[in-house]
Protein chains: 2
Amino acid sequence: MSKNRPTLFTCLSPALLHLYDVNNAVVVIIDVLRATSTIATALYNGAKCVVPVDTVPRCIELGITLDGITAGERDGKVAEGLSYGNSPFEYPETFIANRTLVLTTTNGTKLLHMALAQGKCEIITGAFLNLSAVCDYLVAQGKPVILGCAAWKDRINMEDTLFAGAVADRIQEHFHINCDSTHIAMTLYNQAKNDIFEFMKKNDASHYHRLMNYGLEKDIRHCLTPDLADVLPVYRDEALWRL
Amino acid sequence: MSKNRPTLFTCLSPALLHLYDVNNAVVVIIDVLRATSTIATALYNGAKCVVPVDTVPRCIELGITLDGITAGERDGKVAEGLSYGNSPFEYPETFIANRTLVLTTTNGTKLLHMALAQGKCEIITGAFLNLSAVCDYLVAQGKPVILGCAAWKDRINMEDTLFAGAVADRIQEHFHINCDSTHIAMTLYNQAKNDIFEFMKKNDASHYHRLMNYGLEKDIRHCLTPDLADVLPVYRDEALWRL
């Protein structure tokens, strides 16, 4: 019975993506702190679309071509030549509505392009801010799912793993799960779910420390809260659009 | 203060090993079901040494050269051309004392050779059966540690992650740990430690199912029990020796 359900796998690092068959699958790009949180927020607040790019020069170039807002950080500061940062709080409706956001995201964009190069798949992005929209879509599609954690320079991180666990935990009955990474992620999420911020703090999550050092506690707390920007970003024509 | 302690990292798949600096480190090769469990058992029961090799032909060749016992499985059966399997129970003292065991282990041997190729490191092997010996050695050495999970064809697995978590949990105060994989593994272990077999069963661990299908419940239970063969296998001159 369960064998007839579509499969669900969790890929905890881009360096493991080659192990999974992305063909005909929905690949969820997960970069909780903070790229996919900011993408959800910008689209929720009415952005026309979000164009993810991997380098600052490409961001500047497309910002001009598309008359878009250029955004991205390096080491916690707005990258030289760009106008805005990676924080969801920078993109309220009054600012972002009907505009195009060109966003540099090293880890997330890399994973997205890897998935597209690896096979014919559909790409969406996920974060706690749009948890329900992601889950509802995956169940409705009924296709194989790969939860793809963007990680940090290929190193597995806690918040992306936690989000993969949150999704898998919510939709597990609709899928066939023969994947230890998924079960590990679900166990982690179930330990953390009552207070994810405290869990990240208590367990010395590397990005908790990195962002706290930049004074970004408010960003972390926001990005770990479910459904505050509950839209579904889907990737088409080199940009993410609200479904 | 904690910055002066040696670092400890957990590498959850051989495909991630390149992210870690193995130079001057002790690399613990972990393949709980069942290669490193069998290695600990054979040495505990008096084997002269264990020679890990990656292919069946190489195993046969070295078995002749070294007058050794050839062992290895493929799909749960003794591989064609070899004499014994991967079960710790096949190597009691009456059989293995003073003999050389030539063991094919796909995942563990691959990881071992990758680590050696990547830098000047010391290699030991670990499993629940020799948990205390591994922990005591790592603390005594005071060198950087990489807990290297052999995984399954590069896919992260639960039992190797659990063992990494058990080691890290026991020795964490002696090391500086800035590694989310390690914290994930420790969380998992702390959830599982009261009954690791039940945890593996409840969470659908892939190797639990694979080995149960081969009728190997006794092997699984044995391999998840701490300190039943508490020796330290160290790799020197292409073999593992009891320290």
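I began with contacts in chain A between residues at least 6 apart in sequence, and found that 78% join residues at least 24 apart; two residues are in contact if their C-beta atoms, placed from the backbone, lie within 7 Å. I note that this is a predicted model, in which local features need pLDDT of at least 70 and side-chain atom pairs count only at pLDDT 80 or more, while totals for chains, interfaces and linings use all residues. Residues are numbered from 1 along each chain as its sequence is written, and chains are lettered from A and ligands numbered from 1 in the order in which they are written.

**Chain A overall.** I recorded 10 helices and 11 strands in chain A; helices (H or I, at least four residues) and strands (E, at least two) are DSSP runs, numbered from the N terminus. The radius of gyration of chain A is 17 Å, close to the 18 Å that the globule rule gives for 243 residues, so chain A is as compact as a globular protein of that length. That radius is taken over C-alpha atoms, and the rule is 2.2 Å times the number of residues to the power 0.38. I also noted that 56% of the 243 residues in chain A are buried (20 or more other C-beta atoms within 10 Å of the residue's own; exposed means 12 or fewer, and partly exposed lies in between).

**Lys201(A).** I located Lys201(A) in helix H8 (residues 196-202) of chain A. Lys201(A) counts as partly exposed because it has 15 C-beta neighbours inside 10 Å.

**H6(A) and H7(A).** I looked up the axes of helix H6 (residues 158-171) of chain A and H7(A), which come within 7 Å and cross at roughly 95°. Axes are lines fitted to C-alpha atoms, for helices over the stretch in contact, with angles from 0 to 180 degrees between N-to-C directions. H6(A) and H7(A) are therefore roughly perpendicular (65 to 115 degrees).

**Chain B against chain A.** I found 24 residues of chain B in contact with 24 residues of chain A. On the side of chain B that touches chain A, H7(B) gives the largest share, seven residues.

**H9(B).** Just after H9(B), Gly215(B) has a positive phi of about 75°.

Terms used. Parallel < 35°, antiparallel > 145°, perpendicular 65-115°, else oblique.
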